[in-house]
Amino acid sequence: MTEETSTGALEIFLHPLVILNICDHFTRARVNSNKKNPRVIGAMIGTQNGRSVEIHNSFELVFTQEKSGDDQVITINKEYLEKKKNRFVEVYKNFEFMGWYSTGNKILKNDLKVHESLLEFNESPLYLQLDPNPKEDLKELPIKIYESELRIVNSKPKLVFLHSSYKTKSLEPERLAVDNITKFAGSSNDKASKLTTHVDPLHSAIEMLRDRLVIILKYLRMVAGGQIEGDQAILRLCYSLANKLPALNTEKFLKEYQSEYNDTLLTTYLVAITKGTDMISEVIDKFDVAFQKRKERRRFNRPYFMFH
Amino acid sequence: MEQVLNIIFQNSNNKESLQHLFEFLKKKEKIINEQKNNLDLYLEQLHNGHHTLGCLFLLAAKAQAKSIQNVVLIIKQLQQFFLNCDPYQARFCPSKYYFLCKRLAEICIENSVPQAAILPLYQSIQKLQKTSELTPAHPYLMLVSLCSKNFSVATKVLEEEVFEIESKRTGLNIEEVLLYFYYGGLIWAILKQYDRATHFFELNISFPANILSRIVLESYKKFIFTSILSTGKVPVLPSQTSHVVEKNLRQFCGPYLKFKQFFENSNSLELNELVVKFNDVFEKDNNLGLAKLCIQNLLKRGIQRLTKTYITLSLEFVAEKFGLGSVINAEFYILDMIEKGEVFAKIDQKKGEISFHDDPETYQSSKVGIRMDKDIQEVIDLSNQIKHLDERIMVYPNYIMKKMKEDYHSQKKSEEISEKKMN
């Protein structure tokens, strides 16, 4: 199905809580059902003030999948949706049903039908699609939001999905939570620790600085060698840059620098040794549990010699 | 027998047919073994490099004989074999290969030419060893080096850390492992690298064991001495030492434990008396030399302890405290220590005083930085190896079963305890 972009009538703001909820739902479904890519469906709630829509929260929905012909027909359990929505509204009085979400990366035909069935809850609900297996180098969130528009095709009113843009908005606690998750959960890469996440950006920043200095140096060398004509403005900038740097080549500085460097190395060494010893003792404990028969050891009263 | 030779000639060139050759030779082993006297003739026809597998079987048959007539010939044959053999072929029958190593070592030692075996054994290790693996040839190389007092090759091998043991493929047994570390520890002690010697003996003591082994006992005795010589005290046995070893130490190492105690109390008179009293025991175990070295060490440790309390000290005091006799003796002794770098001090002869300094090394040079970088990298590599070991053991089904049982038991116990408390 071709996707068209909407006219931009609505300003949509998405909260990170919704994204986390959907991811969590998907992970649980995957663990519980042993399928690789189960489809999960849920509802989104939020507020709408004129043209700006904020999606604050989401919850899961009970649905049934039936095969009719080639496609899967999905019917949502509306009673459950009602009940859950009312419970939320009791707590958050401002929230309304905003739309529904599902996982996947393409729009299927039957999504329209589901969308139509939800029209009784909201005249123009939104449809959010999360791709649980995005490509690794994708830099944005793998989320697409679609609005629906009633168009007349072949003299029949038909709903069409229109792709719309959105922005993320977070409250202070949400921002802190997301920050914490990125720090502690990290990637599956064990080498990332708090120190490396702190030091890595520094490292890349310093590398960038160094690359630029190399370019400037090359330029200056070529000007000195007469290969390029020097531009006075640029040369003046270089001169002022060089003046800003403190004089760093004294022997005293080198000594101090070396001694601080050695101290840091020493601390790293100590840390590495401590971590290593800890790991060794864990391995020994596990080995003990797996291979030593504790009860049999107590029966030895006399030693037995090995004859060589 | 001619048939055997022909088949060896035919099949040794092709890599696929080597497996067939191996099985054929195994079947014909009896025939080969019966040929005792004629083996030399046949060996001359075969080439060590191309027909390694065939040579292996023939040489093994020859080496099985308890008494060897022409010693020089067999030593030469074995040397040539290890020099030229093809590792790919030899891998088919590692047990015979290492049997040859063992026999070479034994023959050379019996005939008082241990140095003849050093180089061939070293080559044999290099050819068949996977990285950082312990082979049965290691302990024999160490033994031969000890007998010939020639340690250059042995230290090269000892410096490579050994991480892997695959007993199925190499036919390694526990005796050989213990012997390797025992002999290795002896070699390090002779070379006065006492910390490495202590490490090797400690490994021997802490091997998981159900039965006490004489090698472990001897290792413990030497462990006491070498740890005193390297750090001045005997550390507590590591927690993974098996109970069997701990329980039986008192029974069999009584004099040594007393030595340890007296050393810790730094009582040199009593220590001397003890050594005299148990002279026979120490001498029988060949530890008398180490014991005497330890007594000398006691004096050194005493003076080093003085640096912690005093800044200046009179020579008379030192002579009195340590029973060194005259002031001149004390001065001589301390001068010796200063030269060796064991203590940092200045002697003022006019006043008859010593003043102690701090260590002038500040560890702030770039050399230290480079060295630490290298050390950190080594530690990280080692940690990665341990992590692999950890992961391997975690998924081992035996471990998971036992762990579940233990958790179940401990849960039950805690429930019982809480029930008792409630009632």
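## Salt bridges and the A–B interface

A network of salt bridges links D24(A), R28(A) and E60(A). The structure is a predicted model, and under the rule applied here the number of salt bridges over all chains comes to 13.

**A bridge within one helix.**

**A bridge between the chains.** K286(A) forms a salt bridge with D390(B), and the closest N and O atoms of this pair are 3.0 Å apart. Because K286(A) lies in helix α7 (residues 251–291) of chain A while D390(B) lies in helix α23 (residues 366–394) of chain B, the pair joins two chains. K286(A) and D390(B) are both buried.

**A bridge within chain B.** E159(B) and R196(B) form another salt bridge, in which the closest N and O atoms are 3.2 Å apart. E159(B) is part of helix α11 (residues 152–159) and R196(B) of helix α14 (residues 194–205), both in chain B, so this pair ties together parts that are 37 residues apart in sequence. E159(B) counts as partly exposed because its relative accessibility is 48%, and R196(B) is likewise partly exposed, at 34% relative accessibility.

| Salt bridge | N to O distance |
|---|---|
| K286(A) and D390(B) | 3.0 Å |
| E159(B) and R196(B) | 3.2 Å |

**The interface of chain A and chain B.** The size of an interface is often given as the accessible area lost when the parts come together. Between chain A and chain B the buried area is about 3,400 Å², and carbon and sulfur atoms give 69% of that area. In terms of residues, 30 from chain A are in contact with 41 from chain B. Across this interface the rule finds one salt bridge, and the side chains of D390(B) and K286(A) meet in a salt bridge at 3.0 Å, N to O. The rule also finds one residue pair in polar contact across the interface, with both residues at pLDDT 80 or more. On the side of chain A that touches chain B, α7 and α8 (294–297) of chain A each supply at least two residues. Helix α7(A) gives the most to this side, with 20 residues. The residues of the side of chain A that touches chain B divide into 18 nonpolar, seven polar and five charged.

**Chain B as a whole.** The secondary structure of chain B consists of 24 helices and three strands. Of the 423 residues in chain B, 44% are buried, and the accessible surface of the chain comes to about 24,100 Å², with carbon and sulfur atoms accounting for 52% of it. Among the contacts in chain B with a separation of 6 or more, 64% are between residues 24 or more positions apart.

Note on methods: Residues are numbered from 1 along each chain as its sequence is written. Chains are lettered from A and ligands numbered from 1 in the order in which they are written. This is a predicted model: local features need pLDDT of at least 70, side-chain atom pairs count only at pLDDT 80 or more; totals for chains, interfaces and linings use all residues. Side-chain values use heavy atoms; hydrogens and water are left out. A salt bridge is a side-chain nitrogen of Lys or Arg within 4 Å of a carboxyl oxygen of Asp or Glu. Helices (H or I, at least four residues) and strands (E, at least two) are DSSP runs, numbered from the N terminus. Buried means under 20% relative accessible area, exposed over 50%, partly exposed in between (1.4 Å probe, protein chains only). Contact means heavy atoms within 4.5 Å. Buried area is the accessible area (1.4 Å probe) that two parts lose on being put together, summed over both. A polar contact is a pair of N or O atoms within 3.5 Å; within protein, one must be able to donate a hydrogen and the other to accept it, and residues adjacent in sequence count only if both atoms are side-chain atoms. Ala, Val, Leu, Ile, Met, Phe, Trp, Tyr, Cys and Pro count as nonpolar, Asp, Glu, Lys and Arg as charged, and the others, Gly among them, as polar. Accessible areas come from the Shrake-Rupley method with a 1.4 Å probe; for residues, only the protein chains shown count as cover.
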